[in-house]
Amino acid sequence: MTITITAFERSPDGGKGLARDTRVRWALEEVGQPYAVRAVSFPAMKQPAHLALHPFGQIPTFEDGDLALFETGAIVFHIADRHPGLLPREPNARARAITWMFAALNTVEPPILDLVTVRIVEGDKPWAEARLPLVRDRIRDRLAQLSARLADAEWLDGPFTAGDLLMASVLIRLKISGILNEFPSLAAYVARAEARPAYQRAFAAQLAFFTANAAPG
Ligand SMILES: N[C@@H](CCC(=O)N[C@@H](CS)C(=O)NCC(=O)O)C(=O)O
């Protein structure tokens, strides 16, 4: 049974790999699992067929036989739980890696998403410009704390884990803002993550998918 995930038919990021299917592709590449991708258009995401898979009408989804999942945290955890390579076997190390998965999605990602919201979704509001410094400072606070914890380690807790995969995926979104470069150890951490062959394959696959779907028919 082939794993099937969904991705934007035409990602609004133009193939920069910021859509969340990239983190699922990356996890699958890290554990060596082949997968297929089904493109979903924006209107189709809100139709009953897709809502049956994803109650919030978003991508990505994950299907394997009769199992259907949504939420990248749950999907990446499921992949890491079922296949060796992304979570340590030793119970305490495994629990700490899972803690970093939650930290990435619950503590570090929200202020970063706020920046996207204020820039893109609320960009035309009269207060958007005034709100921006607050949002950027909230991100800086989190990055300062994360950078202090990472110090000069290669990964967050021992070997590369699903916690690093999600943390790097979240931080990658900040590259264009310039904020990441204010924290050289985090910028280097992201560069190390992006240099992993599995990330390279995932990035190339999402770009090829975008290019194929964007090609005039
Ligand atoms: N918390 C969800 C967020 C999913 C999400 O926001 N997906 C975006 C693409 S990266 C989406 O489908 N946006 C379109 C929409 O919400 O209508 C996850 O991690 O899977």
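This is a predicted model: local features need pLDDT of at least 70, side-chain atom pairs count only at pLDDT 80 or more; totals for chains, interfaces and linings use all residues.

Q: At what angle do helix 1 and helix 9 pack?
A: Helix 1 (residues 21–30) and helix 9 (residues 197–214) pack at about 135°, and their axes are 8 Å apart. Helices here are DSSP runs of H or I with at least four residues, numbered from the N terminus. Axes are lines fitted to C-alpha atoms over the stretch in contact, and angles run from 0 to 180 degrees between N-to-C directions.

Q: How is that orientation of helix 1 and helix 9 classed?
A: Helix 1 and helix 9 are oblique to each other. Under 35 degrees counts as roughly parallel, over 145 as roughly antiparallel, 65 to 115 as roughly perpendicular, and the rest as oblique.

Q: Which residues meet there, in helix 1 and helix 9?
A: From helix 1, Asp21, Thr22, Arg25, Trp26, Glu29 and Glu30 meet Ala198, Tyr199, Arg201, Ala202, Ala205, Gln206 and Phe209 of helix 9. By class, this contact of helix 1 with helix 9 has 6 nonpolar, 2 polar and 5 charged residues. Ala, Val, Leu, Ile, Met, Phe, Trp, Tyr, Cys and Pro count as nonpolar, Asp, Glu, Lys and Arg as charged, and the others, Gly among them, as polar.

Q: Is Glu30 buried or exposed?
A: Glu30 has a relative accessible area of 19% and is therefore buried. Buried means under 20% relative accessible area, exposed over 50%, and partly exposed in between (1.4 Å probe, protein chains only).

Q: And what does Glu30 contact?
A: Leaving aside neighbours within four places in sequence, Glu30 is in contact (heavy atoms within 4.5 Å) with Leu86, Phe160, Leu165, Arg196 and Ala198. The side chain of Glu30 also makes a polar contact with the side chain of Arg196, at 2.7 Å. A polar contact is a pair of N or O atoms within 3.5 Å; within protein, one must be able to donate a hydrogen and the other to accept it, and residues adjacent in sequence count only if both atoms are side-chain atoms. Glu30 and Arg196 are 166 residues apart along the chain, with their C-alpha atoms separated by 8.9 Å.

Q: What about Asp21, buried or exposed?
A: Asp21 is buried, with a relative accessible area of 5%. Not counting residues up to four places away in sequence, Asp21 touches Ile5, Thr6, Ala7, Ile59, Pro60 and Gln206.

Q: Changing topic: how many residues of helix 7 are buried?
A: Helix 7 is mostly covered, with 11 of its 11 residues buried. The cover over these buried residues includes helix 1, helix 4 (72–82), helix 5 (91–121), helix 6 (128–150), helix 8 and helix 9.

Q: What happens at the start of helix 7?
A: There, a side-chain oxygen of Thr161 reaches to within 2.9 Å of the backbone nitrogen of Gly163.

Q: Last one: where is Ser177?
A: Ser177 is in the loop between helix 7 (162–172) and helix 8 (184–194). Ser177 counts as buried at 11% relative accessibility, and its side chain reaches the backbone nitrogen of Ile179 at 3.1 Å.

Technical notes: Residues are numbered from 1 along each chain as its sequence is written. Side-chain values use heavy atoms; hydrogens and water are left out. Helices (H or I, at least four residues) and strands (E, at least two) are DSSP runs, numbered from the N terminus.
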